[in-house]
Amino acid sequence: MKIIIVLIIALSISSAVFSQTLQPNDSIKSFVDYLIHVPSLTPKEYVLKSFEEKDIIVISERLHPEFTQYEMIVDIIRDHKFKGNVYTEVGTFNSVKKINEFLGKEGLSKENVEEEILKIFKDLDYFPLWPNYNYYYLIKSIYEINQQRSGDDKIFLYPLDLIFDWGSIKCNEQYSMFMDMLEPQNNQSPVIDRNAIMGKHFVSAYLDAKYQHPNNKKALVIMNSYHGYTRIPTYLPDTTEPFTYSTAEYIYKTFPKITKGILINFYPTSSTIKLVASGKWDAAFKVAGNKDVGFDLQGTPFGETTFDMYNFGGRDYKSVSFEDLFDGFIFYKPIESFELAVGIPNIFNDSLFVEEFYRRSAIDDNISIPEAKSSKETQSFIKEKNVLKTEKIQNLDKYISLINKWITN
């Protein structure tokens, strides 16, 4: 009798658990089935395996301030199987020397490490300040990794963005002219082709790094959004328009046999609430347990999905699938776990840099320095960006609703 009772209880529990299991709508069933049967490689395992096949891996990252993706990136490069360097969209190309002199040092105190990184950040970008903490975390993490590596095995960091020096900028007209040349004007292409320049910077830095350390020939390239599209589709209706490169495609075209492009799961930034494939991908991963995985796109339901992310240049593409642009995909944490981390701790504790920031803000806003100093907006920026602040993405409930419409309980 006791055995029968136990069996009844077990069956009841099993039935209750099964009834609570998320069930996919028919429209995402093929995605879920694939995730259940895909070889279980973690993102780190997948990237390291990709490095066994290719020397250059380009990752198309999420929104710049998103932090958790950099925890994953650091986990990858911390592994001793990674033999190479990191290349980023963030940071001016003329920051390379200062950054790598720091990364090559040994035995610095905690205070000295912070001091060195803050020096780097004060001249990192052509915006008055780059406020996203994940790059601080990346630089600090590479320094810490290098403390456990020998000279020939150390990792170096190469920012690839335009050469820029705030010391040479004296007025708004000068700064505005530079910024305007980065954007399309009157439906014409930008005067400064930022993607091509970053591509050229990569080629130069990569070949030099390989020459200096031939055994460390791997390159992990981190580009944001369309800068990381490995292959750009044809424009419509201008199908004969000369090809426009993204930085990733410039790299791919230069090194076609050794380059692989990987997309990280994310949410498109736009004025409307939207998700990749209208939320189908996120829903499929949710049903499958939101397991962190990486896989090649070719021949999968994900790869065969019609591409619906931001169009490079803001114009329509010829209809293509995700596998036409990218070689691989990483799912790392669901959207509700994303963290936006903004603020560089203690950067404004330096009174000299506060004065310099007022000068830069005055140039940026085309006002006088006294006006910049009296600006509540500028004062608030200094106060807020002097500390690290993390938060979830805005309108998270609306994104979750887009995901849940493909799921039944």
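Helices and strands are DSSP runs, numbered from the N terminus. The views below are taken from a predicted model.

**Figure 1. Lining of the largest cavity.** The structure contains two cavities of 30 Å³ or more, and the largest has a volume of about 70 Å³. Strand 6, helix 11 (280-287) and strand 8 (328-331) each contribute at least two residues to the lining of this largest cavity. Helix 11 provides the largest share, three residues. The lining consists of Leu263, Ile264, Asn265, Phe266, Val276, Trp281, Asp282, Phe285, Phe329 and Phe331. By class, eight of these lining residues are nonpolar, one is polar and one is charged.

**Figure 2. Salt bridge between Lys260 and Asp296.** The side chains of Lys260 and Asp296 form a salt bridge with an N to O distance of 2.8 Å. Lys260 belongs to strand 6 (residues 259-264) and Asp296 to strand 7 (residues 293-296), so the pair ties together parts that are 36 residues apart in sequence. Lys260 has a relative accessible area of 5% and is therefore buried, whereas Asp296, at 37% relative accessibility, is partly exposed.

**Figure 3. Salt bridge between Asp153 and Lys83.** In the salt bridge of Asp153 with Lys83, the closest N and O atoms are 3.3 Å apart. Asp153 is located in the loop between helix 7 (133-146) and strand 4 (157-161), and Lys83 in the loop between helix 4 and strand 3 (84-92), so the pair ties together parts that are 70 residues apart in sequence. Asp153 counts as buried at 10% relative accessibility, while Lys83, with a relative accessible area of 30%, is partly exposed.

**Figure 4. Salt bridge between Lys44 and Asp75.** A salt bridge joins the side chains of Lys44 and Asp75 at 3.9 Å, N to O. This pair links distant parts of the chain, with Lys44 in helix 3 (residues 43-53) and Asp75 in helix 4 (residues 68-78), 31 residues apart. Lys44 is partly exposed, its relative accessible area being 24%; Asp75 is likewise partly exposed, at 32% relative accessibility.

**Figure 5. A network of salt bridges.** Salt bridges link Lys98, Asp123, Glu356, Arg359 and Arg360 in a network. The structure as a whole holds 23 salt bridges.

Conventions
Residues numbered from 1 in each chain as written. Predicted model: local features only at pLDDT ≥ 70, side-chain atom pairs only at ≥ 80, totals over all residues. Heavy atoms only, no water. Salt bridge = Lys/Arg side-chain N within 4 Å of Asp/Glu carboxyl O. Helix = DSSP H or I, 4+ residues; strand = E, 2+ residues; numbered from the N terminus. Buried < 20%, exposed > 50% of the residue type's maximum accessible area, 1.4 Å probe, protein only. 1 Å grid on protein atoms, 1.4 Å probe; cavity = no way out; pocket = protein on both sides within 12 Å on 5 of 7 lines; lining within 4 Å. Points joined across faces, edges and corners; volume = space filled by probe spheres on them. Nonpolar A, V, L, I, M, F, W, Y, C, P; charged D, E, K, R; others polar.
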